[in-house]
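Subject: Structure handover

Dear colleague,

Here is the structure I said I would pass on. My notes on it follow below.

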Amino acid sequence: MDKINLLLVDDEVEFLAPMVKRLKKRNYDVHTATNGKDAIDYIGQNHVDLVVLDVQMPGMSGIETLSEIKRIDPTIGVVMLTGHANIEAAVAGMELGAFDYLMKPMNFDELVYKLQDVYREKQIREDKP
């Protein structure tokens, strides 16, 4: 199986490093961005299958970033990460095309299952004539 190209977007740098390490062990080709603008720039220049996107970030919010991601490439699968106070934002994200959302702190295995589900759905959509 080819590695899945994953962009992990979160402004909490201490969250990114251990997540990258764990996801790479699961055969993901992981790249990171610490804000929405850098995520959009990366997606504009690289192939990305999946994005794990924090809802609450300074500057460009996760919802604004999601909207731009879907404008650039609607086939990119997105899982939103949110804190308890931002459930409404996560639901709004799903209305904009996010696959699902998880509450922080999330269970790592649950994240991996969601990523597998969204990747399968993406492949099914891309295989349809």
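D100 and K114 are both buried. Their side chains meet in a salt bridge, with 2.5 Å from N to O. D100 belongs to strand 5 and K114 to helix 5, so the bridge ties together parts that are 14 residues apart in sequence. Please keep in mind throughout that this is a predicted model.

Salt bridges

The whole structure contains nine salt bridges. Another of them joins K104 to D10, where the closest N and O atoms are 2.6 Å apart. This pair links distant parts of the chain: K104 sits in the loop between strand 5 (100-103) and helix 5 (108-127), D10 sits in the loop between strand 1 (4-9) and helix 1 (13-25), and the two are 94 residues apart. K104 has 16% relative accessibility and therefore counts as buried, the cut-off being under 20%. D10 also counts as buried, because its relative accessibility is 0%. Both residues belong to a network of salt bridges that links D10, E12, D54 and K104.

D109 and R26 form a further salt bridge, their closest N and O atoms being 2.9 Å apart. D109 is in helix 5, while R26 is in the loop between helix 1 and strand 2 (28-33), so this pair ties together parts 83 residues apart in sequence. D109 counts as partly exposed, at 34% relative accessibility. R26 counts as partly exposed as well, at 38%.

Five strands make up an open sheet with parallel pairing, in the order 2-1-3-4-5. Strand 2 and strand 5 stand at the edges with a single partner strand each, so one side of each has no neighbour in the sheet. On average, neighbouring strands are turned by 20 degrees against each other, direction ignored. Strand 4 (residues 77-82) and strand 5 run parallel and are joined by four bridges. Helix 1 lies across strand 1, strand 2 and strand 4, and runs at about 165 degrees to strand 2.

L81 counts as buried, because its relative accessibility is 0%. Leaving out residues up to four places away in sequence, L81 touches D10, F15, V52, L53, D54, V55, L102, K104 and M106. Among these contacts are D10, D54 and K104, which are also members of the salt-bridge network.

Nonpolar cores

The largest nonpolar core has 22 residues, and those with the most contacts inside it are L8, L23, Y28 and L115. At least two residues each come from strand 1, helix 1, strand 2, strand 3 (50-54), strand 4 and helix 5. Helix 5 gives the most, with six residues. Y28 is in contact with K3, I4, L6, L23, L50, V112, L115 and Q116, its neighbours within four places in sequence aside. Apart from this core lies another, of 19 residues, including Y42, V48, V55 and I69. V55 is also one of the residues that L81 touches.

Regards

Key:
Residues numbered from 1 in each chain as written. Predicted model: local features only at pLDDT ≥ 70, side-chain atom pairs only at ≥ 80, totals over all residues. Heavy atoms only, no water. Salt bridge = Lys/Arg side-chain N within 4 Å of Asp/Glu carboxyl O. Buried < 20%, exposed > 50% of the residue type's maximum accessible area, 1.4 Å probe, protein only. Pairing = 2+ DSSP bridges. Axes fitted to C-alpha atoms, helices over the stretch in contact; angles between N-to-C directions. Contact = heavy atoms within 4.5 Å. Core = buried A, V, L, I, M, F, W, Y, C linked by side-chain atoms within 4.5 Å.
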